[in-house]
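Please keep the sequence and the structure in view while reading.

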Amino acid sequence: MDIVKGEKIFSLRELLYNMLPLDYFVVLYSVLYIVSPYINLAINRLSEKQFRKMVILMFVIFSVWSFGVDVLNNVFEKSVNHASPIGIQGSQGGYTIINFILVYIIGAYIRKSGTKMSSKKASLYFVVILVLLYALSVYAYKSDWGDTLFWKYNNPFVIMASALVLIVFLGFRYESKIINELARGVFTCYVSHKILLEYFDIEKAVNQNLGILFLHQLLTALIIYFISYLFHITYRVCSSIFLTSIRPLCDKINISLDYK
């Protein structure tokens, strides 16, 4: 857009830079998507007891242990990341493929083994954890640890809250073609919302009264989602054409995970 306006000059370096996937979530999600068939293959070969032991072990190592190191960094006021089970740079707040795989495996365990917890009880526990996290974040802020410490993605309570949300929605039985269709554009909305937000004067709306702020936020969300959904439709049409053209070649390649 800046090039069209004449504010920037086109360069091959900038073109290549903008083609790189610079969003961590997109990269890690894609990696998890690629390796998930092999994770599923391992999971399906485990008994329920073995699967449960693996989940507990991974949760303790990659959540409790790694987050404990994050807390100790603040307690000792110096880095102890060399004790982290994630890497020499510590847990990185859970923004790693390790945490993505951990959450994926926990979700797979809940879905595979089922749960006797009702949606109502899961919702109650979720609220309790939110209150606890808020209290801990206030304590961290007053202790000069920063108010985001206890909201890191590898925090055991954050991961448990995520699991409870999954349990809540697993208890719902609701079918809607409209909602299912609109849900297809959620990922596109996530990818494009940062760029689209630049065209909405949010700072000006924040300084207005509450009613204007609420209306501005509501319209901003609806407009951004509508544009993102159009992006999704465009992508779906283009990808369908592309996949149709390369399908004859793919049919000749055996990528089955079955082996003897």
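A cavity is a set of grid points where a 1.4 Å probe fits but cannot get out, and its volume is the space filled by probe spheres set on the points. In this predicted model, the structure holds 1 cavity of 30 Å³ or more, and the largest cavity has a volume of about 30 Å³.

The lining of the largest cavity consists of Phe 62, Ser 66, Ile 86, Ser 91, Gly 94, Thr 96, Ile 98, Asn 99 and Asn 154, with helix 4 (48–76) and helix 5 as the elements that give two or more residues to this lining. Sorted by class, these lining residues are 3 nonpolar and 6 polar, with no charged residues.

## The second largest pocket

The second largest pocket holds about 630 Å³ of space, and 22 residues line this pocket, with Phe 25, Phe 100, Val 103, Tyr 104 and Ser 162 lying nearest its centre. At least two lining residues come from each of helix 3 (24–44), helix 5 (97–113), helix 6 (119–142) and helix 7 (156–170). The lining of the second largest pocket comprises 18 nonpolar residues and 4 polar ones, and no charged residue is found there.

## A nonpolar patch on the surface

On the surface, Phe 214, Leu 215, Leu 218, Leu 219, Leu 222 and Ile 223 form a nonpolar patch, and together they have about 590 Å² of accessible area. One of these residues, Leu 222, belongs to helix 11, which covers residues 210–250. Leu 222 counts as exposed because its relative accessibility is 53%, and exposed means over 50%.

Technical notes: Residues numbered from 1 in each chain as written. Predicted model: local features only at pLDDT ≥ 70, side-chain atom pairs only at ≥ 80, totals over all residues. Heavy atoms only, no water. 1 Å grid on protein atoms, 1.4 Å probe; cavity = no way out; pocket = protein on both sides within 12 Å on 5 of 7 lines; lining within 4 Å. Helix = DSSP H or I, 4+ residues; strand = E, 2+ residues; numbered from the N terminus. Nonpolar A, V, L, I, M, F, W, Y, C, P; charged D, E, K, R; others polar. Patch = residues over 30% accessible without salt bridge, like charges linked within 9 Å, V, L, I, M, F, W, Y side chains within 5 Å. Areas by Shrake-Rupley, 256 points an atom, 1.4 Å probe, with all protein chains shown as cover. Salt bridge = Lys/Arg side-chain N within 4 Å of Asp/Glu carboxyl O. Buried < 20%, exposed > 50% of the residue type's maximum accessible area, 1.4 Å probe, protein only.
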